[in-house]
Amino acid sequence: QPGQVAAVATKLFKEVMEAVDDGDDVRGVTRNDLYVYLVKHSEGGISKQTVDQLFSHGDADNSGVLSEEEFLLMINTLCVQLQASLASEGADVKSRVPDVLVIPGSSSHNAKSGTHA
């Protein structure tokens, strides 16, 4: 999956760069570029504060511009955090569901899940 994340992040970086090409000579994504892009492409919208936090975490060298490398690292970090969150949620759900869950009259479901009546 890391290769897939990198490919998607690279494509997204280029897409943001193209979408907000305002003629400046900046070689990267500015805070405003990221905000404008996300506002246009987020279904539920996004707050400036959220973009500020996201950008601040991504701008490792505090240059005010996300290089492609910083952008890729930011996206990768978000993916890792999302996976950890989902794994944690899954573990939480798993802890609330009995390990042995027998579905009466459903041998195929029981066989797939490793349970038996």
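V8, L12, V16, L34, L38, I46, L54, F71, M74, I75, L78 and C79 line the largest pocket. A pocket here is an open set of points on a 1 Å grid over the protein atoms alone, where a 1.4 Å probe fits, with protein on both sides within 12 Å along at least five of seven lines; lining residues have an atom within 4 Å of a point. The elements that give two or more residues to this lining are α1 (2–19), α2 (31–41) and α4 (68–96). With five residues, α4 gives the most. The lining divides into twelve nonpolar residues, no polar and no charged; Ala, Val, Leu, Ile, Met, Phe, Trp, Tyr, Cys and Pro count as nonpolar, Asp, Glu, Lys and Arg as charged, and the others, Gly among them, as polar. The volume of the pocket is about 200 Å³, taken as the space filled by probe spheres set on the points, which are joined across faces, edges and corners.

This is a predicted model, in which local features need pLDDT of at least 70 and side-chain atom pairs count only at pLDDT 80 or more, while totals for chains, interfaces and linings use all residues. Residues are numbered from 1 along each chain as its sequence is written, and side-chain values use heavy atoms, with hydrogens and water left out.

The protein chain has five helices and two strands, in the order α-β-α-α-β-α-α along the sequence. These are DSSP runs numbered from the N terminus: helices are H or I with at least four residues, strands E with at least two. Of the 117 residues, 23% count as buried, meaning under 20% relative accessible area, with exposed over 50% and partly exposed in between (1.4 Å probe, protein chains only).

In soluble globular proteins, nonpolar side chains tend to be buried together. The largest nonpolar core here has 16 residues, and L34, L66 and F71 touch the most other members. Such a core is a set of buried Ala, Val, Leu, Ile, Met, Phe, Trp, Tyr and Cys residues joined through side-chain atoms within 4.5 Å. At least two core residues come from each of α1, α2, α3 (48–58) and α4; α1 gives the most, with four. Leaving aside residues up to four places away in sequence, F71 touches A9, L12, F13, V16, L34 and L66, where contact means heavy atoms within 4.5 Å.

Y35 is found in helix α2. Y35 counts as partly exposed because its relative accessibility is 24%. Not counting residues up to four places away in sequence, Y35 touches I46, S47, K48 and V51.
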